[in-house]
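Please open the structure in your viewer and keep the selection tool at hand.

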Amino acid sequence: MMRIIVVVGARPNFIKVGPLMPAFAKSEIDARIVHTGQHYDATMSDVFFADLDLPKPSWFLGVGSGTHAVQTGRAMIALEELLLKEKPDALLVVGDVNSTLAGALAASKIGVPVVHLEAGLRSGDMSMPEELNRLVTDQLSSMLLTPVPTAADNLIAEAIDPARIHFVGNVMAQSVLGNLPRIQDRDAAAAYGLERESYALVTIHRPENTDHPEKASAIATALLAMELPVLFPVHPRTRPILEAAGLGGDHPRVRLIDPVGYLDMLALQRDAALIVTDSGGIQEEACMVGTPCVTVRRNTERQITVELGSNRLVQADASEIAQGVSEALAAPKGWEIPARWDADVADRVVAALIGGVTPLAG
Amino acid sequence: MQLIVVVGARANVVKVAPLLPALSSAKIGVRIAFAGGKRDALDCGIGFVSVFGVIIPAPTWYVDTGSGTNATTTGVAMRSFERLFAAQHPDAVLVCGDVNATFAAAISAAKAGIPVIHLEAGIRCGDLGVADEINRVLISRVAAMHLTPTALALENLEDEGIDPERIHFVGNTVAEQALRELDAAPGNGVVESFGLTRRGYVLAVFHRPDDLADAAWLAGVLDGISASTLPVLMPDAEAFVEAATTAGLEMPSVIQTRSALPHLKMLSLIRGAACVVTDSGGVQEEACVLCTPCVTVRHCTEHVDTVSTGANVLVQPESGAIGAAIGKAVGKRCTWAQPVRWDSAVSDRVARAIRRGVAPLR
């Protein structure tokens, strides 16, 4: 039986791993989870694990918060130690967080093949730490599992052997499809006194927006000018920045709330009239739940959602955001779902792994 | 322009030594971050240090890279460099070679938005099972300017999708340093001081920790060398002898061991030898440029040009193959063409390229 270790470090990772674990369990793959603790908030982490029915991690590394180098360095050292002890047949890393990079670096140097799920996405923006994590992780990977067809083109342009690339689709989409039936009757918006289809859901957390007061203020201006009421789940770290930008206090229409669990967030996305975000995963989830999305960023690695019409990219500028919002609300729904964003992604991952992971050495 | 030059290991010193005066004359402000271990840098007054006889300006910082596994040294070095770059904000960071500290400096600078200049970029051995090769490939992914020692290295980078405008074929500073040191000390009598005659001995240089940890490799090398009809001189032999003793192997009497020697003595011994047998990257380059046939005991080499031009042969660690290769090499004459731009003008080309500006990655 093939033995693999799956690295998770942050919330977007949990969502991607959710559908994989049951698929591994019914196959010939013994998969165990290591939680680096990169984003560790006891309540939120537990809520996510419960919401996603994730098995308890076999190891918790307690890396904690810190700068990029501190997080990556601590996770690398702890993961190397674990890998030397456990000697798995492969290490599966997901996404583009520092734990992803740390796992790939630690494993590749000691000859443990790396499998990267969500490989080949590129924003083209090297000032994003995630883009550097993606570029480096993909070079270290023995097997690259891609969510969209263009990801393979990106990888081949970087000299990755096409034989290592498997177009499995988007596992996050599978998670949405699997969980929507469970929340049919969940009305998460009601708790905030909001009616379905009558509010905008907003998440903004990226340094490119929150570290620049003029951008944060432009976003605040745009949100305050919106006709729809705004529900804005916000990380405690980001809250003071948004308050300083003018989103503080008991504004009648713009409400900052604490982060919510996965299933509540999914329900809030499904029931929103519109989503405004700078998150990668939410651009994809919005596409899946049928809610138009406006992405406030310089660029996106989820170009496919823009091409298919579920998402539009705007700069952090009040009038650009306002225009994006009115376009999104006016645009026809019923966009096409990208190929292989379906309920079989985890099975394709299993099939690729069972086919064998060829080490890079040689 | 303010540049931080990262010397990742003792062996990096020869790569940057010729560069530093050239950069200063080009009005580029250079400060050195030395990760090679402070005790190897001996103060020689008036602002210079000597690292095994190679004189460089005194480092401004000695950077802690810890000791231990790949993950530990890389992780510790990442944190140290992240702190240094955050405090200093240089306009660019120059890294050279392929050790863990080089990669750590490169990724930390890239994540801080500081352009990375990579000296000795683009060389490849083709085996990602080699930790240095992983570092080389990764540094190329995050660097903003690539300075290559050979035309082949330039092609390798283009094949990996690196923007050709960012690549400069400058030549080999290791060759430049060797030529400069020997030009300054002609007829220095080093060979005779070891009781040897010109072309009357074999020089053996082995120091790769992975090789020394492999008992079968050691046995093959010792057996192969002991077949030499010429005396064999092995400088810097402590680690080798210790490894052999640990492996229960006896040092053959044909081998004379010595402790570590200053670089000029090493160069003089390389130039005077009938042939060099080694697993060192730098020695392959130095033997090529100093017209001494080289036998490299490794399964691959990143100094492919030294092989294709006829200066170097690659042999597997089997006694018969090594013995035969040494026998052939000692009779060989230096008829090979020197690789292009392995000359005394490399550092001027580097200074010109950097003077023209280092465009940050998008």
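How many residues of domain 1 of chain B are in contact with domain 2 of chain B? Before answering, note that the model is a predicted one.

**The two domains of chain B.** Select residues 2–171 together with 343–355 of chain B for domain 1, and then residues 182–330 for domain 2, as given by the domain assignment. The C-alpha centres of these two domains of chain B lie 27 Å apart. Now display the boundary: twelve residues of domain 1 of chain B are in contact with eleven residues of domain 2 of chain B. On the domain 1 side, the touching residues comprise seven nonpolar, three polar and two charged ones.

**A pair of helices.** Next, select helix α7 (residues 173–183) and helix α12 (residues 263–272) of chain B, whose axes are 10 Å apart and which pack at an angle of about 95°. Angles of 65 to 115 degrees count as roughly perpendicular, and α7(B) and α12(B) are therefore roughly perpendicular to each other. Show the side chains of A178(B), E181(B) and L182(B) on α7(B), and of H263(B), L264(B), L267(B) and R271(B) on α12(B), which make the contact. By class, the residues of this contact are four nonpolar, one polar and two charged.

**The nonpolar core.** Finally, turn to the largest nonpolar core, which has 243 residues. Those touching the most other members are L91(A), V349(A), V93(B), A106(B), I117(B) and V295(B). Centre the view on V93(B): beyond its neighbours within four places in sequence, V93(B) is in contact with I4(B), V6(B), F85(B), A105(B), A109(B), I114(B) and V116(B).

Conventions
Residues numbered from 1 in each chain as written. Chains lettered and ligands numbered in written order. Predicted model: local features only at pLDDT ≥ 70, side-chain atom pairs only at ≥ 80, totals over all residues. Domains from an automatic or database assignment. Contact = placed C-beta atoms within 7 Å. Nonpolar A, V, L, I, M, F, W, Y, C, P; charged D, E, K, R; others polar. Axes fitted to C-alpha atoms, helices over the stretch in contact; angles between N-to-C directions. Helix = DSSP H or I, 4+ residues; strand = E, 2+ residues; numbered from the N terminus. Parallel < 35°, antiparallel > 145°, perpendicular 65-115°, else oblique. Core = buried A, V, L, I, M, F, W, Y, C linked by C-beta atoms within 7 Å. Buried ≥ 20, exposed ≤ 12 C-beta atoms within 10 Å, placed from the backbone.
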